[in-house]
Every structure is written in C-alpha cells, then in structure tokens.
Amino acid sequence: MSEALLDIRDLKTWFATDGGVVRAVDGVDLRIERGETVGVVGESGCGKTVTARSVLKLIDMPPGRFAGGQILWQGRDLIPLPATEMDKIRSKEIAIVFQEPMTSLNPVYTVGDQIAEVLREHENLSRRQAIERAVEMLALVHIPNPKKRVHDYPHQFSGGMRQRVMIAMALSCRPKLLIADEPTTALDVTIQAQILELMQEMKDKFGMAIMLITHAMGVVAETCQRVVVMYAGKVVEEAPVEALFGNPRHPYTQGLIRSIPRVDRAAAHKERLEAIPGTVPSLLDPPPGCRFAQRCKSARDICTQGIPPLKEVTPGHFVRCVL
Amino acid sequence: MPGSTPASLSAELPTRPATAAPAKTPRFSPGLEAWRRFRRHKLAVASAVILLVMIVAIAFGPLVWRVPINEIDFTAKLEGPTLAHPFGTDDLGQDVLARLLYGGRISMAVGLCAMLVAALVGVLVGAVAGMSRGTVDAILMWLADLFLSLPQLPLLLLVIYLFRDALKAVFGPEGGIFIMIVIVIGGLRWMPVARLVRAQILSLREKEFVEAARALGASKMRQVVRHILPNALGPVIVAGTIDVAAAIISESTLSFLGLGFPPDVPTWGRVLFDAKDYLDIAPHWAMFPGAAIFLAVLSINFIGDGLRDALDPRRVL
Amino acid sequence: MSRQYLIRRLLIAIPSLLGISVVLFCVLALAPGDPFGELVTNPAIPPEVAAALRAKFGLDDPVWTRYVHWLMAMLQGDWGFSFVSRMNVDKLILQRLPTTLVVIGAAQLLAIVVALPVGVLAATRPYSVFDQVANTLAFIGFSLPTFFTGLLLILVFSIKLDWLPFVFRDDINATGLQWLWEQVKQSIMPVTVLGLFQGASLVRFVRSAVLDVVRLDYVTTARSKGIGEGKVVVKHVVRTALIPVVTLVALQMPIVFGGAIVTEQIFRIPGIGSLLISSILANDTPVVMGVTFVFACLVVLFNLIADVLYAWLDPRIAFR
C-alpha cells in the first residue's frame, strides 16, 4: 500500500474527569487517501469529533491526553510534533470547519481580517495582499458583493453565509485535507444542501481530501466514497459507500441505516421508523467485550467476552463483530 | 471546579448517563450535595474554621478574659505584648485584647445587620421589579443603576455628617451611630441582590414548575414566596456573605477616618484610628486590630467563594 | 463607532447626573438643622450677607423650587464659599482635584499593568500552581482594607527602613529632576496601596473573563489557523475578554474613590478626598457638598468612558 495522506493508527484520546478517565477515542484506525472523501458517522458521543480534533491537536490538554497511537500525516507522526511545527500544518495543510458557524468566527474582527490572518501567517502576505486574497476567496464561495462584505463583521452574516466564510477561511491556503466537523448540522435544511454542494464544488476545484464528520447517513450517501462507522470510541465498520449501504454487516450500522427516514417506503408500507434502543454506554467504564452488545438484538454470550477484532470481510470492507 | 471539561467538548463526551453506573453516583439531597462541593474548597473550609474561632472568641472571650476594656493604667501604657496583656496596651494603658474582643462584637454585628438590611431591600426590590415588569421594573432597575454609580464612601460620610447629631440625640451616641451605619451601608448595597433576584425571577417565571403553579391559580405573592425565592436563594446567600465582608470594611473605614463610632466604643477600625499616630513606638497596637479586620474579611470572602461553588456552580465570577 | 452612539450615551448620562443630584439634594433637605440655614444663621456672617444668602437659596420656597435653584447655582459654578479656607468652593476643589486624579490614574495604571498579565496567565493555566497562588493573593489583596495596607507600608518602608516619606508634601523645595524624584518617592506608597487593591479585584475579573472566552468556539478556530498560541491568546482571547472587564472596572470606580479618600487621608495627600474629611471635621458644609458632587460626577464620567471603550472594543454595539 502506498503512503496514505492521513493514517491514524490505534489512536487513543482520553479525558481526565471527576469521575475517572473517559476514553472518548479508544483505539481508532482511519486512513484517508489523497483527494478522497471519507465520511465518519456515529451517534453523539461516539468520539468522531474528538478524533477530528485530535488530528489537528485541538484537544485541551489537560484534561485530554493522547494515551497511545499515531497520527501519520504523509508518513510523519503528528503526536510528538512540537507546537511550532504543528502550527505550520494547521490551516496550511490540514484545515477544519466546525459545526457552529454562529460561534466559530470571532465577533470583534471583520471576516476579511480573519481570513487574512491565515494567509499572512502561512504565505507571508502583506495586509493588503491578504485582504485581496480574502475577497477572492469570498467570491469563490459565492458571497455576493465580496469587495464590500470583506469589511463586515460576522454578526452581519447569516448562518449559512458564515459557514461559507468558514469554508473560505479553511481553504484559503489550499490545504490537502479539509476536516468538516458536522458542517451542516446547525443549519436549515435548505442551507445544508447548499453548503454540501459548495464543498463538492470546492473539492472539484482544489482536489483536497475531505474528512466529513456527520451523524446524518443521508449526507454520507450523497458525498462520500468511503465510510467509517464509529461507536463508543471505536471503529465498528469501514467500507466503500456502496458496500456499506448495500450490505451493512455490523448490527449497529444496520440500525443506523434503518433509522434513516424514507419518504417513499413510509408512504408505501406505513413502515415505522426504527430507533436503536438504549444509549451509548459510559466511556468511563466501558463494558467488556463488544461495546454495542448491550443494545444489540443478536448479541450472544461470546459478545461480552473480549473486544472483537476488526476483520476484513470483503476487500475494503472491515467490520468489528464476531457474528 | 476542578475537572470541568470545556464546553466545546461536552457535546461529544457522554455526561455519565444515569443508567450506566447506578452504583457509582449515589443520590445526594441538595443540602448534602452543596456541603460536598463546599468541602472541596479547602480554603473556604479553613476560613470557616477561622471565622468560627473568631466568632467564639468575641462571643465568649469577654467572659473568659475579664480585663475591663476601659481600665486606665498609665504605668503600663503603650506596652508591647506581655503575659498580663497578650496584645499589649494602648496610650492609656488599656488592654488591647479586651478592647478587640469587645469591639469585634460590634464590627461583626454591623456587618451582619447591614447585610440583612441589604438583602431585605434587595429581595424586595428585585421581587417587585421581576414580577411587575413594565414601567415599575424599568424605574426600579434605573434606580439600581443609579445607586450603583453613587460614590458610596463620600455619600456615607455626607449622611453621617448631616445626621449624626440628630440620631445621637434620639438613640444615644452608640445606638445612633450603629443604626445609621447599618442602614446607610445596607441601603447602599442592595443593588446586586435586587438584580440577582430579578434575573432569577425572569428566568424562573418561564420554567415549567412555575408555569404549573400559575396554571393551578397560585397568586403572584405565592408564586414568589413558594416557588421563586427558594430557587434564588443560592446566589443571594453568596451575595449576602460578601456583603458582610464589605460592610465590615465600610464600618472600619468610617471608624478609621474618625467618623464612625466614638472613642469609647473600640470597634476594630476605631482602635486602628487611635493607634495610627503611634505607629513608630507601638506598632502592635495597630497590627492586632488590622489583622483582625483582615482575617475576618478574608475568611468571609473565602467562605463566599466556597458557597458560590456549592450553591451556584454556574457562575464563574 | 458611530457618532450617534456617542451622543446617545451622553444623553443617557444626563438622567444619571440628575438622579445623583436629586439624591444629594434629598439628603441635604432631609437633614436636620437645615445645612443651608446654618450658613444664614452663622453669627460670623454679617446680616446683610445672610439676607442675601437667604434670598439666593430661597429658603422659604417649596422644595422643588429650591432644588431647581440649587441645581442652577451648581451648574453655573456657584458652589458656595468655604469659611474655613476663605475661598470659593469651586476654586478650592479645582486646586485639589488634579492631585487626586493623578494618584487614582497612576494606581489604575499600576493595577492594569499587574493584573492583566497575571489574570491572563492564571486563566490560561487553570488550576495550576500559578493560578492558585494568583487567586489566593488576589483574595488577600482585596480583603486587605486600604487603611491597613497603608499603615503596614508606612511601618515597613518609612519607620523601619526609612526609605520613603510617609507624609505627602506639595511644597517640595527642589527643582528639575530632584523635584521629580521626590514626587515619585512620595507617590510610591499611596499609588501602591490603591493600585494593588484595585489590581486584586481586576485579576479576578480578567481571569474569569478569559476563562469564559477560552472555551468559546472561535478560539478553537483561531487555534486551528496555526498562528501560534501567543497570537491566539492575545488577539482572540484577551481582546474579547477585555470587553466585560471594561464594564466591571467602571462598576468598581465608586470603590476606587472610597479607597482614594482613605489613602489620601493616611498619607495626607492634598487631594479632594482629604479635603472632604477635613471639611467634615470642620463642619464646612459647602465644601462637603461640592466634593461629594464632584465624586458623583467622576463616577458618571468614568462610566461614560467605559461605555465608549466598550463600543470601541465590541463592533456589535456600535452597529446597533
């Protein structure tokens, strides 16, 4: 196998809390190739956001810490990297877009200044040059009248527009990987589609890889080539998108797919939407064995007796289940 | 709040679901839970002990240390600490320890009473403003803002300057000044409590259980007394605690400026005022009352901080 | 910042000033023995002056007319005459005011210089040893009454070490650098007392404001930009944390003035604070009134400055 763009190996990101150590990410493996769009899905609290933030080392330490594993960026491990080296990668090579466009921009600077800040840091531009580039970026993400709006403050933009600004900021240095951490969750449905479309358009233009974190299976089906399903801090299934939707192997994945509302089927068969019973187990004190066993309909004794390995069932399709 | 996780992560970190570890998180009653949180604030606990010792000392000290506070003995004037006078003597040979024990009662009493006045006025104004809204609310809050921007010490001095003789005539030199100081200090410190109570009412009004009470036809008065005030109690207690400290400082400041209690009432500030001109020959005389004020105020402030952790965990400041 | 905003703030300050003047007037009017009348009945005043004063104050008019008269007189700078100092009150206060402002200003500066870095460092390393030490010292700082710190400093630096003078003099017999040095020397202790007291509360304000900001999303955004932790803290954290701090500092001003009065009294600084005390002790009513009013105006003024600073720091306000 050739060297991947990003290769996360057995990553463990743990948090110290009052009640003990929370193993938010507990042995995650994840590969992203150049130009590829990988979806990372799972319920709230499954560790997908922590994984994403770990890549850029945006975890507050303490209470967080890396308890093990590697984050190989083009073959180089980021975990031991000193802060100054890490800063050369942030935004320049790996950029991130967050869930909340309303709070992700600093209210006291103009959007132009905030985009320019990245450019001045990484490309040594003067303030004027950087603002010019910021105008170009705003135009690229279809903000009307960018020359004027570049001097506006974030509160003068709507949520969807702010997310466009965030994307413009993230892409301003042409990163090789864009991490999108639930970029559409906080937006109206109509705006969501526009933002996804914009990301697709940007990808066609710049050719960067995308790591798309989401809990919406529909979004994954539309945009990704490969999907990683996470549950309780672990990867439970990984497959090309067609294989995952066509032949989901892990009971949890099956549950997730069944819980997508399908207008066509609901109307035709009066089918009820299926929910997965129970909640994510405590990561303070994870149950032994398969972490999904408690909620799994087909669980057997063997499921609670040791964590099942991630095995390849068909080429490129991995699943962590004994069944 | 050691161990609190940053807000941005809390969405992703499971917040200990109750079903997962039922054995590990025993249910505490609110009081016990508050006590548990208070105990974690080590300095607050230590301060509570210190304050308790001071209160016991001023309450029972004069019964044990039976040296009169006004026994003049010129042969022993301005002496440093000795066995006969553990805190030394002043310029008239009076025992400083006895005077501080006695004066402490007044300093503490002023602090407590002023806090009560402030809390009472504050709760009243806050409750009226919060329940009535509209013009009354606007006027009361404007008044609170106005009072917040009054220069307190100058005003305090002005009021005392203008009224002291009249009150002295009615209540005697000690009673008059006591009542005046308590009312004025209390009357200038009600604003934070009023704002707290009003804010609590505004937010609680919309909560389900108050809605429920309203739906059941509870009167406004009943809503406030039964449902809203108990919920606003935590922040009010915290503000009240800090008010005690502030009132003690205010009283000491007045006495220190020679405008508080008369010389025969040895509050801590008054002793300090008398001692300050002898700083070069009898520093102990000033150090003991100063340390007493400092220790009392510091421990009350720390207790307030601990109470804030215990009763009002959301506020950071 | 828009000019409109400035004008609106100025207009809002007027009712506050009026309110304060009403409070002052009420205190005066309610006071037994009629402080205005005291002047008139003062035997040291010739009868014709007394009659003139009586007419001027309109002592027999209804209360609100008296208030308007009094306010008009105050507005026209007619603040009365100090019988103790034998000069007009406004002139007397103007003479003393600069000293007070210099001391308060220097103390405020010291407070900011000390508290800003300490508060920021403490908040960026929450619950570290540094944070705990800073927090404890801050508590000690604002629990120490200014009069006690003042006496302690005098005891150590004037009496024991004999380094600094403990009586402030405004008639220093020197010129040029020598004069400046003497000024600095005699200002060190008062400014330190006031500044550290102010700084102690400021540390807590800054720390909690920074703690509030540090966990906000846009700080994570800033961190993801790779601009280095220093720039993240200064440009994104401290810059926004200053906004609430400005308001809190303005709210502290009445307390600062209280501290200034005490400090001036301890070190015998000839400012308006010590003037207030000496006038009270000498029953010099017009001066007491005047100084109290000046303090009130200063508080309103500082609130106004804080509002303007606030709008300057927070673009969301100015656009409203």
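1. The sheet of chain A. In this predicted model, eight strands of chain A form an open sheet with mixed pairing, in the order S6-S7-S8-S3-S9-S10-S12-S11. Strands and helices here are DSSP runs numbered from the N terminus (E, at least two residues, for strands; H or I, at least four residues, for helices), and two strands pair if DSSP finds at least two bridges between them. The edges are strand S6 (94-97) and strand S11 (311-314) of chain A, each of which pairs on one side only. From one strand to the next the twist averages 20 degrees; axes are lines fitted to C-alpha atoms, for helices over the stretch in contact, and angles run from 0 to 180 degrees between N-to-C directions. Strands of a sheet pair through backbone hydrogen bonds, either parallel or antiparallel.

2. Conventions and confidence. Residues are numbered from 1 along each chain as its sequence is written, while chains are lettered from A and ligands numbered from 1 in the order in which they are written. Because the model is predicted, local features need pLDDT of at least 70 and side-chain atom pairs count only at pLDDT 80 or more, whereas totals for chains, interfaces and linings use all residues. The model scores ipTM 0.83 and pTM 0.80. For chain C, the mean pLDDT (the predictor's confidence in each residue, from 0 to 100) is 81, and 88% of the residues reach 70 or more. Where pLDDT is low, the predicted coordinates should not be read in detail.

3. Strand pairs within the sheet. Strand S7 (residues 177-181) and strand S8 (residues 209-214) of chain A run parallel and are joined by five bridges; Leu178(A) stands opposite Ile210(A) in S8(A). S11(A) and strand S12 (residues 317-319) of chain A, by contrast, run antiparallel and are joined by three bridges. In S12(A), Val319(A) is the bridge partner of Lys311(A). S11(A) and S12(A) form a hairpin with two residues between them, and Gly316(A) in the turn has a positive phi of about 80 degrees.

4. A helix on the sheet. Helix H10 (residues 251-258) of chain A lies across strand S3 (37-41), strand S9 (226-231) and strand S10 (234-240) of chain A. H10(A) runs at about 105 degrees to S9(A).

5. Chain C overall. Chain C has 13 helices and two strands. Of its 320 residues, 45% are buried (20 or more other C-beta atoms within 10 Å of the residue's own; exposed means 12 or fewer, and partly exposed lies in between; C-beta atoms are placed from the backbone). Among contacts in chain C between residues at least 6 apart in sequence, 71% join residues at least 24 apart, a contact being two residues whose C-beta atoms, placed from the backbone, lie within 7 Å.

6. The contact of chain C with chain A. This contact takes 20 residues from chain C and 24 residues from chain A. On the chain C side, helix H9 (217-224), helix H10 (229-267) and helix H13 (315-318) each give two or more residues, and H9(C) supplies the largest share, seven residues. The chain C side divides into six nonpolar, seven polar and seven charged residues; Ala, Val, Leu, Ile, Met, Phe, Trp, Tyr, Cys and Pro count as nonpolar, Asp, Glu, Lys and Arg as charged, and the others, Gly among them, as polar.

7. H9(C) and Leu58(A). Seven of the eight residues of H9(C) are buried, so this helix is largely enclosed by the rest of the structure. The buried residues include Thr220(C), Arg223(C) and Ser224(C). Leu58(A), in the loop between helix H1 (48-55) and strand S4 (64-73) of chain A, touches Arg53(A), Thr220(C), Arg223(C) and Ser224(C), not counting residues up to four places away in sequence. Leu58(A) is buried because 23 other C-beta atoms lie within 10 Å. H9(C) is followed by Gly226(C), whose phi is positive, near 70 degrees.

8. The contact of chain B with chain C. Here 42 residues of chain B are in contact with 45 residues of chain C. H6(B) gives the most to the chain B side, with eleven residues. By class, the chain B side has 33 nonpolar, seven polar and two charged residues.

9. The largest nonpolar core. Of the 264 residues in this core, Leu177(A), Leu178(A), Met211(A), Val193(B), Val206(C) and Val210(C) touch the most other members. A nonpolar core is a set of buried Ala, Val, Leu, Ile, Met, Phe, Trp, Tyr and Cys residues joined through C-beta atoms within 7 Å. H10(C) gives the most to this core, with 19 residues.
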